[in-house]
Amino acid sequence: LASFLAFGNLIFFCLPADAMADGSQKWLSGSANKDGARDLLCGMISGFVCKIFEYPADTIKVLEQTGGDRFHGPLDCLRKTVAESGPMSLYRGLAAPLLGSMLECSSLFVSYGYIKKALAVDEENATLSNPVPFWKLVA
């Protein structure tokens with residue numbers, strides 16, 4: 001939770017004051033370096049949030065697979081694990097997968113952003129009447 005709050009503060013302080021004051025979207029456009037840094041940060045946050053929500057289910061799955069006849073389903077496994085070891089035991093061993101997920105998502109976000117720039121996809125001006133050409137998305 002502390003890491004998530006730190007990311008929230010980082011995002012808050014990265015936004016220019018005029019973007020928050022008048023609700024404008026000026027902070028969304030910028031140089032390639034700003035866009036790359038923004039994509040990197042958003043990818044890291046995405047990887048963090050995804051892993052925080054996904055990891056307990058993965059832990060239960062692994063405990064069920066290795067527990068033999070000890071558990072009678074995922075809810076039973078969850079109940080017994082939390083009762084025996086506490087709720088934080090669902091997050092035991094999270095550090096390495098969390099870093100991996102953050103690196104994976106940030107690299108995907110950054111590469112996607114640079115590919116859009118290389119193909120000159122103009123998403124800001126795309127509307128239903130003026131869509132992004134399909135060939136730019138698949139080329």
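Colleague: Which helix holds both Lys61 and Asp58, and how many residues apart are they?

Modeller: Helices here are DSSP runs (H or I, at least four residues), numbered from the N terminus. Lys61 and Asp58 both sit in helix H3, residues 32-66. They are 3 residues apart, about one turn of the helix. This is a predicted model: local features need pLDDT of at least 70, side-chain atom pairs count only at pLDDT 80 or more, and totals for chains, interfaces and linings use all residues. Residues are numbered from 1 along each chain as its sequence is written, and side-chain values use heavy atoms, with hydrogens and water left out.

Colleague: What do the side chains of Lys61 and Asp58 form?

Modeller: A salt bridge is a side-chain nitrogen of Lys or Arg within 4 Å of a carboxyl oxygen of Asp or Glu. Lys61 and Asp58 form one, at 3.2 Å from N to O. The whole structure has 5 salt bridges.

Colleague: Are Lys61 and Asp58 buried, exposed or partly exposed?

Modeller: Read the relative accessible area: buried is under 20%, exposed is over 50%, partly exposed is in between (1.4 Å probe, protein chains only). Lys61 has 40%, so it is partly exposed. Asp58 has 25%, so it is partly exposed too.

Colleague: Which residue does Arg70 pair with in a salt bridge?

Modeller: Glu84, with the closest N and O atoms 2.3 Å apart. This pair links distant parts of the chain, 14 residues apart. Arg70 is in the loop between H3 and helix H4 (74-85), while Glu84 is in helix H4. Arg70 is partly exposed at 41%. Glu84 is exposed at 53%.

Colleague: And within helix H4, where does Arg79 stand relative to Asp76?

Modeller: About one helical turn away, because the two are 3 residues apart in helix H4. Arg79 and Asp76 form a salt bridge, with the closest N and O atoms 2.6 Å apart. Look at the accessibility of each partner. Arg79 is exposed, at 53%. Asp76 is buried, at 13%. Asp76 and Arg79 also belong to a salt-bridge network with Lys80.

Colleague: Now the nonpolar side. Which residues make up the largest nonpolar core?

Modeller: In soluble globular proteins, nonpolar side chains tend to be buried together. A nonpolar core is a set of buried Ala, Val, Leu, Ile, Met, Phe, Trp, Tyr and Cys residues joined through side-chain atoms within 4.5 Å. The largest one here has 5 residues: Phe48, Tyr55, Leu94, Leu98 and Met102.

Colleague: Which elements give two or more residues to this core?

Modeller: H3 and helix H5 (95-118).
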